[in-house]
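User: I would like to learn how to read the helices, aromatic pairs and surface of a model. Please take me through them in turn.

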Amino acid sequence: MKKEKREKKKKYRDNFDDETTFANMNVEGFRWYDPHRKNRKKEKTDISKKEYWAMVRGAFRAMWPMFVCLIAGGILMWLLAYLWLT
């Protein structure tokens with residue numbers, strides 16, 4: 001059962017097209033115009049699961065102070081409204 005799921009997931013990833021271009025934005029006159037762009041090869045970086053989860057934890061650590069401030073502000077607003085309306 002697990003083997004079938006892995007094969008199905010792998011098959012989906014093989015068919016997944018993340019390089020689809022709907023409109024070519026490499027137009028002469030734009031500041032990002034690069035005449036040799038079609039000749040470049042995209043470098044694919046292989047990231048292990050351990051590295052991926054380290055990046056996710058780092059992102060959450062970066063967002064944590066803002067999240068705490070939002071929660072504390074909400075609690076403060078609720079407390080002020082409660083005290084004012086009672």
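Analyst: The discussion below treats the helices, then the aromatic pairs, then the surface. This is a predicted model, in which local features need pLDDT of at least 70 and side-chain atom pairs count only at pLDDT 80 or more, while totals for chains, interfaces and linings use all residues. Residues are numbered from 1 along each chain as its sequence is written, and side-chain values use heavy atoms, with hydrogens and water left out.

User: How many helices and strands does the protein have?

Analyst: Helices (H or I, at least four residues) and strands (E, at least two) are DSSP runs, numbered from the N terminus. The protein has two helices and zero strands.

User: What span should α2 have, and where does α2 bend?

Analyst: In α2 a bend of about 40 degrees occurs at Trp64, and Pro65 follows within four residues.

User: How many aromatic pairs are there?

Analyst: Rings of Phe, Tyr and Trp (its six-membered ring) pair if their centres lie within 6.5 Å; planes under 30 degrees apart are stacked, over 60 edge-to-face, and the rest tilted. By this rule there are three aromatic pairs. One of them, Trp64 and Phe67, is tilted, at 5.7 Å centre to centre and 40 degrees between the planes. Both residues lie in helix α2 (residues 49-85), three residues apart, about one turn of the helix. Another pair, Trp78 and Tyr82, is stacked, with 5.5 Å between centres and 15 degrees between planes. Trp78 and Tyr82 are four residues apart in α2, again about one turn.

User: Are Trp64 and Trp78 buried or exposed?

Analyst: Buried means under 20% relative accessible area, exposed over 50%, and partly exposed in between (1.4 Å probe, protein chains only). Trp64 is exposed at 53%, and Trp78 is exposed at 56%. Of the 86 residues of the protein, 2% count as buried.

User: What is the accessible surface of the protein?

Analyst: Accessible areas come from the Shrake-Rupley method with a 1.4 Å probe; for residues, only the protein chains shown count as cover. The total is about 9800 Å², of which 61% belongs to carbon and sulfur atoms.

Note on methods:
Bend = angle between axes of the 7 residues up to and from the residue.
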